[in-house]
Amino acid sequence: ADDLKIAMGAMGLSEKKVSNVMTKIDDVFMLQEDTVLNTKTVAEILHRGYTRIPVYEDDRHNVTALLFVKDLALINPDDNFTVRTVCRYHVHQLRFVMEDTPLRIMLEEFKRGDYHLAIAQKIVQPEEGDPFYELTGVVTLEDIVEEILQAEIVDE
Ligand code: ADP
């Protein structure tokens, strides 16, 4: 019966979209490229507890890299390296996804791919001028698994 409930939850994946489960951009913990990795900033990063942190240049909508917290393990805070330096040394591919992607498709992509976090975006069409992409959040495998399990709990 548990299997059935999980399957029912998984069915909700076809109607729900990335935007329904992602962490919205304003709530995403990001770092500016120029941030100096001293004792204070490293402590804050560890305190937040995230595994992966989007890195931006100038503006939070301009994400340029992904910092893995594990890459900070051998950093000496006295060297005052910047986030940019670490990201150039430890390169992790950035993956983008449209926020209206169905969760089922996103789950397939996470299963097939070698990554578990994607940056969600949408197309903005201004009244005048060219359309452009705007970042709207981050989605991880965890968000989708949570959605499946939640559907199961509501069912009970
Ligand atoms: P972590 O390993 O960092 O905890 P998970 O993949 O387990 O990340 O995701 C847990 C939750 O945290 C998800 O809701 C995900 O969207 C969110 N999340 C992941 N990275 C960040 C981040 N840098 N800032 C804010 N939320 C994040």
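This is a predicted model: local features need pLDDT of at least 70, side-chain atom pairs count only at pLDDT 80 or more; totals for chains, interfaces and linings use all residues.
## Two strands side by side

Strands here are DSSP runs of E with at least two residues, while helices are H or I runs of at least four residues, and both are numbered from the N terminus. Two strands count as paired if DSSP finds at least two bridges between them.

Residues are numbered from 1 along each chain as its sequence is written, and side-chain values use heavy atoms, with hydrogens and water left out.

## The three-stranded sheet

β2 and β3 belong to an open sheet of three strands, ordered β2-β3-β4, with mixed pairing. The edges are β2 (31-32) and β4 (63-68); each has a single partner strand, so one side of each has no neighbour in the sheet.

## The four-stranded sheet

There's also an open sheet of four strands, in the order β1-β7-β6-β5, again with mixed pairing. Here β1 and β5 (96-98) take the edges with a single partner strand each, so one side of each is left without a neighbour.

Strand β1 (residues 23-24) runs antiparallel to β7, joined by two bridges. Thr23 stands opposite Val138 in β7, and Lys24 has Gly137 as its bridge partner there. Strand β6 (residues 117-124) also pairs with β7 in the antiparallel sense, over eight bridges. Ile119 stands opposite Val138 too.

## Around the ligand

Which residues surround the ligand? They are Thr23, Asp27, Val28, Phe29, Tyr50, Thr51, Arg52, Pro54, Val138, Thr140, Glu142 and Asp143, where being near means having a heavy atom within 4 Å. β3 (52-56), β7 (132-140) and α6 (141-155) each supply at least two residues of this shell. The shell splits into five nonpolar, three polar and four charged residues; Ala, Val, Leu, Ile, Met, Phe, Trp, Tyr, Cys and Pro count as nonpolar, Asp, Glu, Lys and Arg as charged, and the others, Gly among them, as polar.

Three threonines make polar contacts (N or O atoms within 3.5 Å) with ligand oxygens. The side-chain distances are 2.7 Å for Thr23, 2.4 Å for Thr51 and 3.0 Å for Thr140. The protein covers 79% of the 540 Å² of accessible area that the ligand has on its own, by the Shrake-Rupley method with a 1.4 Å probe.

Methods. A polar contact is a pair of N or O atoms within 3.5 Å; within protein, one must be able to donate a hydrogen and the other to accept it, and residues adjacent in sequence count only if both atoms are side-chain atoms.
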